[in-house]
Amino acid sequence: MNSFSPSEAPSETPSKTLSAPIEAGDSAHVRAVGVFVTRGSRRVLTDASVTVSGRSRVAVVGENGRGKTTLLLVLAGLLAPDRGTVHRAGTIGLARQELSVRDGDTVGTLTSKALAPSLAALQALDDATLALTDGDPDAGDRYSAALDAATRLDAWDAERRVDVALEALGACTERERPLATLSVGQRYRVRLACLLGARHDILLLDEPTNHLDADGLGFLTRRLREHDGGLAVVSHDRALLRDVADRFLDLDPTVDGKPRLYAGGYDAWREARHRERERWEQDFAEQQTEHRRLQDAVSKARDRLSTGWRPDKGTGRHQRQSRAPGVVQALNREREALEAHRIDIPRPLPAHMWPDLRVRPGAPQVRAHGVAVAGRLGGPVDLVLDGGERLLVVGPNGAGKSTLLAVLAGVLPPTSGHVWTAPDARVALVGQETAGQEPSLTAHEVYARRTGQLVTGGVLREADAAGLGTLGLLDPEAMRTPVGRLSQGQQRRLDLALALALRPGLIMLDEPTNHLSSALVDEVTEAIRTTSAAVVVATHDRQLLRDLAGWPRLEITNGDHTVR
């Protein structure tokens with residue numbers, strides 16, 4: 001957790017950062033205007049502007065690598081922009097994805113830091129009270145200011161709020177416990193609890209749902225909805241964004257290269273984004289069509305100059321010469337029109353296109369009879385999966401959801417029972433862990449090698465081998481990037497592309513929303529709803545569970561399971 005007033009933020013040049021006193025109250029805000037940030041040779045943020053104030057509920061969204069975390073650091077004052085201005089007023093609490101631990105830091109180190117402003121306000125109030133009883137002529141003003149600060153922080157209840165948050169998030173409550181002895185998830189929950197208990201004017205949260213269970217997610221959602229100040233949140237958790245945010249700053253590419261701020265909730269953002277995308281594609285197509293028309297016109301005019309203008313044999317020389325200037329003038333006009341036509345609309349990034357898998361309804365895929373894996377999956381589990389069928393696999397961590405999917409895919413043999421796969425069935429599994437690929441190969445090379453193996457092995461007809469670009473999962477730059485340098489989200493996209501390359505009759509997705517943007521998850525969700533293949537999804541994702549609420553469920557607990 002980073003907690004500070006503007007005066008405590010890292011120093012920046014006066015032209016880039018303007019700060020107001022800590023006692024901002026209702027006027028607290030963070031305002032960024034025209035922010036540009038470059039890392040190395042790559043532009044991370046381009047002309048980003050956003051205001052987080054009073055009751056703002058801003059979601060910062062976009063693909064991995066679009067600058068979401070960078071923007072939060074700029075808003076918090078931990079990173080100076082290359083261009084643009086940032087104005088801050090009031091106290092700011094920042095929850096970063098990583099938490100560095102110094103030697104000797106304990107749980108109490110974090111709780112004490114969170115409680116320090118409230119304890120200082122109460123001490124100031126006590127001091128002012130004593131001054132009043134001593135007859136200090138300035139004590140009245142000091143007492144009013146101290147009372148206002150303590151009231152704004154609700155300082156009397158600060159320690160209880162932190163304790164409640166620690167308990168609700170399943171965080172360690174032992175103040176003497178060294179942070180170094182806690183897991184990454186446990187440290188994260190302690191830090192988040194301190195942030196939620198501290199009553200900052202502005203909260204900046206980077207992936208706050210990481211490492212939280214269902215109870216913790218519910219508590220976080222309630223606290224953010226009840227927060228009296230403003231907040232900006234970066235998250236892939238669509239349920240949190242839907243439940244909390246009312247404005248969306250989208251950092252994904254646009255026709256003019258600038259971020260877009262959409263008013264309204266989650267559905268309004270999706271709809272507006274979809275409309276803008278359609279306009280971009282339409283304008284790009286029209287511009288390309290017009291450019292091709294002008295190129296054809298120049299080509300035809302050139303052909304007429306060389307052959308087409310000549311009259312039939314026997315026509316007089318004077319008549320031939322009199323036609324030449326007009327043809328030359330026509331060619332020049334067409335050339336000028338082509339040169340004047342500007343190509344200023346960039347090519348839209350590809351949209352995800354789930355291939356038509358053409359699976360016959362009811363076509364046998366997989367049968368599981370009495371399946372169990374000692375120490376990992378209680379049984380027996382019996383399943384029948386045919387073309388077009390759907391199944392949600394749910395249950396707590398460690399119950400065996402991933403193990404079951406691995407058994408059904410033939411990756412892991414069961415210790416009891418057996419799995420039958422139809423002779424012509426194609427079964428694909430997209431697991432939580434990224435499939436190991438040669439890191440020096442580009443994403444395009446990895447995909448091409450996979451499809452080549454499928455074709456030469458007789459699994460796939462060459463006509464059915466879709467190119468990586470047609471799936472719309474990776475942009476051209478990512479396709480040219482070595483796998484070892486891809487982000488987690490890009491690797492996840494490649495894994496999905498490799499699974500679809502098989503053109504499976506049964507596709508199984510283990511936590512498919514991990515590391516994927518909200519926009520892509522929406523597209524994938526629609527695809528798995530409508531594909532002709534059988535689909536099995538194992539997930540904790542609250543929004544995905546809402547979206548697939550009508551699917552049959554296999555609920556797995558430690559040592560038991562129920563299908564309904």
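**Exercise 1.** Which residue's side chain meets that of R66 in a salt bridge?

*Solution.* The model is predicted: local features need pLDDT of at least 70 and side-chain atom pairs 80 or more, while totals for chains, interfaces and linings use all residues. Residues are numbered from 1 along each chain as its sequence is written, and side-chain values use heavy atoms, leaving out hydrogens and water.

Step 1. A salt bridge is a side-chain nitrogen of Lys or Arg within 4 Å of a carboxyl oxygen of Asp or Glu.

Step 2. The partner of R66 is D475, at 4.0 Å from N to O.

Step 3. R66 lies in the loop between β5 (57-61) and α1 (68-76), and D475 in the loop between α12 (468-471) and α13 (476-479), so the pair ties together parts 409 residues apart in sequence. Helices (H or I, at least four residues) and strands (E, at least two) are DSSP runs, numbered from the N terminus.

**Exercise 2.** State whether R66 and D475 are buried or partly exposed.

*Solution.* Step 1. Buried means under 20% relative accessible area, exposed over 50%, and partly exposed in between (1.4 Å probe, protein chains only).

Step 1. R66 has 23% and is partly exposed; D475, at 19%, counts as buried.
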